[in-house]
Amino acid sequence: MISLHLARATNGVIGRDGTLPWHLPADLKRFKAQTIGRPMIMGRKTFESFPALLPGRRHIVLTRDRGWRAAGAEVAHSPEAALSLAGDDAAVIGGADVFALFLDAADRIELTEVHLAAEGDTIVPPFTGWRETFREDHASEGDRPAYSFVTLVR
């Protein structure tokens, strides 16, 4: 199974300056639960945005840079090579270009809809042709925006 995992604002923003434009602890907890024990496929910038390796998961990094290496990263230079490393189960975790590369191969999207128009420099367009099978809405709390956990399938 190939699944995409992301949080996206109502205006499509998923990132700003290499970070998330919001802090939602429940989203991070859900992300961990959905990716623990699974190989994660990500772009180089996403990998480099982590303060450290995420425990209990393989880090497969898709990059065009043939000389790039990092401790804890398995390097792939094509989507096919990344999937070959991952096997039959992979969590694709970003960024926007990597989501676009794997969208047609994905079986499921685990989306956190962040209910705000965030400022940012990385955008993922709406997903069309997908069917919602799960939704869990959460109200805003203090400076944290409202959000919804959503599962989409083909």
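Buried means under 20% relative accessible area, exposed over 50%, and partly exposed in between, computed with a 1.4 Å probe on protein chains only. By this scale Arg58 is partly exposed, at 32% relative accessibility.

## Basis of the model

This is a predicted model, in which local features need pLDDT of at least 70, side-chain atom pairs count only at pLDDT 80 or more, and totals for chains, interfaces and linings use all residues. Residues are numbered from 1 along each chain as its sequence is written, and side-chain values use heavy atoms, with hydrogens and water left out.

## The sheet

Helices (H or I, at least four residues) and strands (E, at least two) are DSSP runs numbered from the N terminus. Eight strands form an open sheet with mixed pairing, in the order β5-β4-β3-β6-β1-β7-β10-β9. Its edge strands are β5 and β9 (131-138), each of which pairs on one side only. Two strands count as paired if DSSP finds at least two bridges between them. Direction ignored, neighbouring strands of this sheet are turned by 20 degrees against each other on average.

Strands of a sheet pair through backbone hydrogen bonds, either parallel or antiparallel. Strand β1 (residues 2-9) pairs with β6 in the parallel sense, over three bridges. Ile2 has Ala90 in β6 as its bridge partner.

## Helices across the sheet

Contact here means heavy atoms within 4.5 Å. Axes are lines fitted to C-alpha atoms, for helices over the stretch in contact, and angles run from 0 to 180 degrees between N-to-C directions. Helix α1 lies across β1, β3, β6, β7 (108-114), β9 and β10 (147-153), and runs at about 30 degrees to β10. Helix α3 lies across β1, β3, β4, β5 and β6, and runs at about 170 degrees to β4.

## Nonpolar core

In soluble globular proteins, nonpolar side chains tend to be buried together. A nonpolar core is defined as a set of buried Ala, Val, Leu, Ile, Met, Phe, Trp, Tyr and Cys residues joined through side-chain atoms within 4.5 Å. The largest such core has 24 residues, and those with the most contacts inside it are Leu4, Leu6, Ile41, Val92, Phe102, Ile109 and Phe127. At least two residues of this core come from each of β1, β4, α3, β6, α4 (96-102), β7 and β10. The most is given by α4, with four residues.

Leaving aside residues up to four places away in sequence, Phe127 touches Leu4, Leu6, Arg8, Leu103, Ile109, Leu111 and Leu152.

## Salt bridges

A salt bridge is a side-chain nitrogen of Lys or Arg within 4 Å of a carboxyl oxygen of Asp or Glu. The whole structure contains eight salt bridges. One of them joins the side chains of Asp89 and Arg38 (2.8 Å, N to O). Asp89 sits in the loop between α3 (79-86) and β6 (90-94) and Arg38 in the loop between α1 (25-35) and β3 (39-43), so this pair ties together parts that are 51 residues apart in sequence. Asp89 is partly exposed at 26% relative accessibility, whereas Arg38 is buried at 10%.

Arg44 and Glu48 also form a salt bridge through their side chains (2.8 Å, N to O). Both residues lie in helix α2 (residues 44-49), four residues apart, about one turn of the helix. Arg44 is partly exposed, with a relative accessible area of 27%, and Glu48 is partly exposed at 43%. A further salt bridge joins the side chains of Arg58 and Glu74 (2.8 Å, N to O). This pair links distant parts of the chain, with Arg58 in strand β4 (residues 58-62) and Glu74 in strand β5 (residues 73-76), 16 residues apart. Glu74 is partly exposed, at a relative accessible area of 26%.

## Aromatic pairs

Rings of Phe, Tyr and Trp (its six-membered ring) pair if their centres lie within 6.5 Å; planes under 30 degrees apart count as stacked, over 60 as edge-to-face and the rest as tilted. The structure holds two aromatic pairs. In one, the ring centres of Phe47 and Trp68 are 5.6 Å apart and the planes stand at 90 degrees, so the pair is edge-to-face. Phe47 is in helix α2 and Trp68 in the loop between β4 and β5, 21 residues apart, and the pair links these distant parts of the chain. Both Phe47 and Trp68 are buried.

The rings of Tyr147 and Phe149 have centres 5.3 Å apart and planes at 55 degrees, so this pair is tilted. Tyr147 is buried, with a relative accessible area of 11%, and Phe149 is buried at 6% relative accessibility.
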